[in-house]
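Please work through the exercises below with the sequence and the structure at hand. Each task is followed by a worked solution.

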Amino acid sequence: MKNKSRRFVLTDILYIAMMIVPVIIGIVIKTMTRPVGDGVSITGAQVYFKIPMPIQDLIISESQINSLIVMISVFGLCLYLTHGLKTRNISKRQHLAEWIIEKTDNMVSSNMGEFFISFSPFIIAMLALSGFSSLLTLLGLYAPTSDLNIVGGWAILVFILITYYKFKCGPLQYMKSFAEPVALLAPMNIISEIATPVSMAFRHYGNVLSGSVISVLIAYALGNLSNLLLGFLPGVLGDIPFLRIGIPAVLSIYFDVFSGLLQAYIFAMLTMMYVSGGFPSDLYFKRKNRKIKN
Amino acid sequence: MQNLDVISINIWDTLISLANLIILYLIVKKFLYKPVKNVLKARQNEIESQYNNAENAEKKANESREQWEKMLSGANSKSDEIIKNATDTAKMRSETIVNEAKERAQGIVRQAEQEAILERKKATDGIKKEIVEVSSALTSKLLEREINKDDHRTLIDEFIEEIGESYE
């Protein structure tokens, strides 16, 4: 293990750089473009530039750049974890990679059944993208998950998947599923069908956004409180917001780390539930068996 | 620089984010899921092949052990047979030896008996001869002398004495 080849170590360094450099670039862009201003301002993502498109302008904002950063970092992480896979005498990173795969496989097969085991990489991607996006707030970057468009896109993808699996038994069966248990409830069923992606998107987006809003408010409040209590200190000492040291970090463990990861987990869980719940598995397997017999 | 509103909806941004998730799914599938799965499968295969090898080796070992045991038991029965044969031949030989000895002894005894009978015959023949001689002598004496009572007695006594002497 000690005698890794030079090439191996260099590739490792490259992969680690692939994980870290995008984040650093993001921080640099953020610090360079942040408008100088005091006070609390709760706004959406910063807009870098707009590209004219039909219907609406394509806005390249902080959230787009940051999700790109997360994607490149996750790509680097994937490459790093799978670098130098062996069948025996495995390294720690391979342990981690196998642990991730086994855990998600277990989660997917217990929540969705063996039929949906191909969803495993999708769930990993979703957890990684959502989780790391939320965690970007720890570095002072704008979390893409607190942008409705980003989470909305994921929710729409999930909606497409749900509908695709509902269509597996033919369009007639799909139509029939709305008239259950009685045809009178069809409008309600349609509303709940549309409500699924909307509620998913708003739940995730709202939780992360509210977390960062509360973090900003608390930091601001603590700064003022510090001025009020310790403002009598002479000179520069009075200007330093001492209460801002430490306390916001502790709170951000809940609002940024815990809440963000929890929302990622909930989003993945709901995806699995909705996709496997909407799929008429009994009918599908019955028809499949009949086909095999014929 | 302007900021977006807190709630803003943009179709293109939404679509890009949707595409991002798909792209990341493909990346994860190609660069994390597949390689790890392949390695797990390879390990499974390796373990299975090793198990098979171990089973084969065990089977072989068992076979050779059985062979050895068979050979060993064969050797045992063979040695038993040899010993049995040896004891049988020894018994037979000893019996024949004993029988021969017995026969010989009987022969010797018979010979001895015959010899004894012969001796006896010889002896009786001698006695008879003597008796004849004595009686002839007695008759000759009787014929020489007149016979009275006393003479008679002494004659008989003499005769007996003579017989006794001749017997001794």
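The exercises that follow concern a predicted model.

**Exercise 1.** Determine how helix H7 (residues 186–230) and helix H9 (residues 247–278) of chain A are oriented relative to each other.

Solution. The two axes come within 10 Å and cross at roughly 180 degrees. Angles over 145 degrees count as roughly antiparallel, so H7(A) and H9(A) are roughly antiparallel to each other. Residues in contact include A:Met200 and A:Ile214 from H7(A), and A:Leu251 and A:Phe267 from H9(A). The residues of this contact comprise 13 nonpolar, 9 polar and 1 charged.

**Exercise 2.** Describe the largest nonpolar core and state which element gives the most to it.

Solution. The core holds 62 residues, of which A:Val74, A:Cys78, A:Ala125, A:Met126 and B:Val28 touch the most other members. Among the elements that give two or more residues are H2, H3 and H4 of chain A and H1 of chain B. H2(A) gives the most, with 11 residues. Beyond its neighbours within four places in sequence, A:Val74 contacts A:Ala128, A:Leu129, A:Phe132 and B:Leu24.

**Exercise 3.** How many residues does each chain bring to the contact between chains A and B?

Solution. Chain A brings 44 residues and chain B brings 38 residues. On the side of chain B, these are 25 nonpolar, 7 polar and 6 charged.

Conventions: Residues are numbered from 1 along each chain as its sequence is written. Chains are lettered from A and ligands numbered from 1 in the order in which they are written. This is a predicted model: local features need pLDDT of at least 70, side-chain atom pairs count only at pLDDT 80 or more; totals for chains, interfaces and linings use all residues. Two residues are in contact if their C-beta atoms, placed from the backbone, lie within 7 Å. Ala, Val, Leu, Ile, Met, Phe, Trp, Tyr, Cys and Pro count as nonpolar, Asp, Glu, Lys and Arg as charged, and the others, Gly among them, as polar. Axes are lines fitted to C-alpha atoms, for helices over the stretch in contact, and angles run from 0 to 180 degrees between N-to-C directions. Helices (H or I, at least four residues) and strands (E, at least two) are DSSP runs, numbered from the N terminus. Angles under 35 degrees count as roughly parallel, over 145 as roughly antiparallel, 65 to 115 as roughly perpendicular and the rest as oblique. A nonpolar core is a set of buried Ala, Val, Leu, Ile, Met, Phe, Trp, Tyr and Cys residues joined through C-beta atoms within 7 Å. A residue is buried if 20 or more other C-beta atoms lie within 10 Å of its own, exposed if 12 or fewer, and partly exposed in between; C-beta atoms are placed from the backbone.
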